[in-house]
Amino acid sequence: MRDERFTDEEWELVKMVPFQAFGMVAGADGEVDKAEAEELFKRMTGGAMGYKDPLHKAVAMDIVGKDWGPLIKGSMDPAVAHPEKIKTLLREKLTFQEYQSFLGSIFIDVVNVAKASGGGGVLKKKSPISEEEEKALQAILVFYGIDMQAVKKAFE
């Protein structure tokens, strides 16, 4: 279910965005936990029906039930899916609000992925998000220019 604003090649890049964000956050501490991968799978498969953001929903609907291997591999290869190229593409094709909504929806997913590993500490008094994951989350916010107020407005 490709969004018609994107060519087939561009759509493949758009579908890699959730996997890039996942890789940045889940891999930030040097290890992708099984719980993190399961959380991404659960969120993407459930999101095919439940995401409020229409573009994120379209991406999820297009990948559910398919082999994610090529998307994961491509998302980690800067020659295929350079983050700057994808950011420029999204800014050119989406309105400001659509851009914020799509990336905000993905950001919410990766925050939950980061929480899934349980980080914690003694008696879980520390954040379930590791310091490295927190830095990766901040990097995503800064790199994409995600405005959490605009994201909140998109989901009201």
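In the predicted model, Asp3 touches Trp11 and Leu55, leaving aside residues up to four places away in sequence. Asp3 lies in the segment before helix 1, which covers residues 8-26. The relative accessibility of Asp3 is 16%. Asp3 therefore counts as buried, since the cut-off for that class is under 20%. The side chain of Asp3 also makes a polar contact, at 2.8 Å, with the side chain of Arg5.

Asp3, by contrast, is buried. The separation of Asp8 from Lys152 was also computed. These two residues are 144 residues apart in sequence. Their C-alpha atoms are 30 Å apart in space.

His82 sits in a loop. This loop connects helix 4 (69-75) with helix 5 (83-93). At 40% relative accessibility, His82 counts as partly exposed, because the value falls between the 20% and 50% limits. Trp11, one of the residues touched by Asp3, is 71 residues from His82 along the chain. The C-alpha atoms of His82 and Trp11 are separated by 14 Å.

The overall fold was examined next. The protein chain contains eight helices and zero strands. Read along the sequence, the pattern is α-α-α-α-α-α-α-α. Contacts were then grouped by sequence separation. Among those with a separation of 6 or more, 72% join residues 24 or more positions apart.

Overall dimensions were also computed. The C-alpha trace spans about 50 × 35 × 30 Å along its principal axes. The radius of gyration of the protein chain is 15 Å. A compact globule of 156 residues would have a value near 15 Å, so the two agree.

Of the 156 residues, 44% count as buried. Asp3 is one of the buried residues. The accessible surface of the protein chain comes to about 8400 Å². Carbon and sulfur atoms account for 58% of this surface. The protein chain carries 21 positive and 26 negative charges. The mean positions of the positive and negative charges lie 5 Å apart.

Note on methods
Residues numbered from 1 in each chain as written. Predicted model: local features only at pLDDT ≥ 70, side-chain atom pairs only at ≥ 80, totals over all residues. Heavy atoms only, no water. Helix = DSSP H or I, 4+ residues; strand = E, 2+ residues; numbered from the N terminus. Buried < 20%, exposed > 50% of the residue type's maximum accessible area, 1.4 Å probe, protein only. Polar contact = N/O pair within 3.5 Å; in protein donor to acceptor, adjacent residues only side chain to side chain. Contact = heavy atoms within 4.5 Å. Rg over C-alpha atoms; globule rule 2.2 N^0.38 Å. Areas by Shrake-Rupley, 256 points an atom, 1.4 Å probe, with all protein chains shown as cover. Lys, Arg positive; Asp, Glu negative; His and termini not counted. Charge placed at Lys NZ, Arg CZ, Asp CG, Glu CD.
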